[in-house]
Amino acid sequence: MTRVLSAEVVVPAQCELAEGPVWDAARGLLRWVDILPGQVHALDPATGAHSWFHAGDPVGTVGLTRSGGLVLALVDGFYRADHDGQRLTRIGEFSVDATVVRFNDGKPDPWGNFCAGTCAWAEDGPPCALYRLRPDGAVAEIVGDVGLSNGLDWSDDRTAFYFADSASGGVDVFDTDPYTGRLSHRRRFVTVGGVPDGLTLDAEGGLWVALWGSGELQRYTPDGQLDTVVRLPVRQVTSAAFGGPDLAVLYITTAQPHAGDIFACTPGVPGRPPFLFAA
């Protein structure tokens with residue numbers, strides 16, 4: 001039987017397009033981006049303090065680094081910054097054509113790289129891709145012919161990679177080489193009843209995927225069975241991440257309507273620490 005949970009607003013953030021939540025355990029902060037205004041937000045759940053900085057351009061996602069800073073995918077390329085947004089610096093010379101595509105969702109991988117994909121500004125835009133940024137600044141395309149690159153995560157044993165192309169209506173899974181991260185054997189993991197957006201895995205290997213336009217966050221067991229639905233009073237659910245000292249709180253980002261507030265619930269299964277970029 002499928003569990004049905006609800007979530008409550010924890011930050012009336014009023015974001016235009018909140019996305020990419022990540023728990024910064026070192027500072028006890030939930031971080032996320034508001035893509036189109038180019039803002040990187042932070043919440044201290046212990047005090048309720050909510051702050052943000054402007055990245056200067058639309059920002060698709062933010063990740064944490066092993067040195068305590070941030071790695072970001074801005075509209076056309078990759079950047080690093082201090083934890084508070086200071087010393088924002090471009091990484092390498094790689095760029096995409098920001099007149100037709102922009103960077104969207106992404107996160108560091110288990111091998112210390114940073115992966116982020118693109119989406120087109122227009123509905124009839126060109127094919128997009130998922131890219132991998134190595135710590136030395138080299139960039140390679142790892143998944144091509146993507147409609148709209150979105151949620152992604154890796155299993156704890158480093159043998160599976162989950163990826164949502166929103167245009168495909170589902171989440172695919174790849175085999176991954178546990179030593180190098182090389183992808184192979186792509187197949188469909190689950191077809192969802194909506195548009196798949198951001199996603200995250202929990203400590204039991206369950207996959208939580210946000211469904212844009214449906215007002216739901218859904219959990220699938222490792223064998224692809226739907227077992228939990230979080231229903232929210234919004235239609236545009238964008239992503240989720242576990243946070244808090246014991247990673248027991250599931251934070252959920254949203255977009256208009258309800259003005260991009262941040263929701264939370266306690267689903268009874270904890271999450272995992274985020275992977276870090278080895279810059």
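User: Is arginine 87 buried or exposed?
Analyst: Start with the cut-offs. Buried means under 20% relative accessible area, exposed means over 50%, and partly exposed lies in between, using a 1.4 Å probe and protein chains only. Arginine 87 is exposed, with a relative accessible area of 65%. This is a predicted model, in which local features need pLDDT of at least 70, side-chain atom pairs count only at pLDDT 80 or more, and totals for chains, interfaces and linings use all residues. Residues are numbered from 1 along each chain as its sequence is written, and side-chain values use heavy atoms, with hydrogens and water left out.

User: Where is arginine 87 found?
Analyst: Elements come from DSSP runs numbered from the N terminus: helices are H or I with at least four residues, strands are E with at least two. Arginine 87 sits in the loop between strand E9 (78-81) and E10. Its phi is near 55 degrees, a positive value in a residue other than glycine.

User: Which loop holds glutamine 14?
Analyst: The loop between strand E2 (8-11) and E3. Phi of glutamine 14 is near 55 degrees, again positive in a residue other than glycine. Glutamine 14 is exposed, at a relative accessible area of 53%.

User: How many aromatic pairs does a search of the whole structure find?
Analyst: It finds 13. A pair of aromatic rings is described by the distance of the centres and the angle of the planes. Rings of Phe, Tyr and Trp (its six-membered ring) pair if their centres lie within 6.5 Å; planes under 30 degrees apart count as stacked, over 60 as edge-to-face and the rest as tilted. Take tryptophan 154 and phenylalanine 275: edge-to-face, 6.3 Å centre to centre, 80 degrees between the planes. This pair links distant parts of the chain, 121 residues apart: tryptophan 154 is in strand E15 (residues 149-154), and phenylalanine 275 is in the segment after strand E25 (262-265). Tryptophan 154 is buried at 1% relative accessible area. Phenylalanine 275 is partly exposed at 22%.

User: What is the geometry between tryptophan 208 and phenylalanine 242?
Analyst: Edge-to-face as well: 6.2 Å centre to centre and 75 degrees between the planes. Tryptophan 208 lies in strand E20 (residues 207-212) and phenylalanine 242 in strand E23, so the pair ties together parts that are 34 residues apart in sequence. Tryptophan 208 is buried at 0% relative accessible area, and phenylalanine 242 is buried at 4%. Elsewhere, Phe78, Phe94, Phe103, Phe114, Tyr131 and Phe277 form one aromatic cluster.

User: Which ring does arginine 102 lie over?
Analyst: A charge sits over a ring if NZ of Lys or CZ of Arg is within 6 Å of the ring centre and within 35 degrees of the ring normal. Arginine 102 lies over the face of tryptophan 121, at 5.7 Å from the ring centre.

User: How many salt bridges does the structure hold?
Analyst: It holds 14. The rule is a side-chain nitrogen of Lys or Arg within 4 Å of a carboxyl oxygen of Asp or Glu. Aspartate 109 bridges to arginine 132, with the closest N and O atoms 3.6 Å apart. Aspartate 109 lies in the loop between E11 and strand E12 (114-120) and arginine 132 in strand E13 (residues 128-133), so the bridge ties together parts 23 residues apart in sequence. Both aspartate 109 and arginine 132 are buried.

User: Which arginine pairs with aspartate 172?
Analyst: Arginine 188, with the closest N and O atoms 2.6 Å apart. Aspartate 172 in strand E17 (residues 170-176) and arginine 188 in strand E18 (residues 183-191) are 16 residues apart. Aspartate 172 counts as buried at 8% relative accessibility, whereas arginine 188 is partly exposed at 36%.

User: Which residues join arginine 219 in a network?
Analyst: Begin with one bridge. Aspartate 227 and arginine 219 have their closest N and O atoms 2.7 Å apart. Arginine 219 is buried, with a relative accessible area of 5%. Salt bridges that share partners join Asp202, Glu204, Arg219 and Asp227 into one network.
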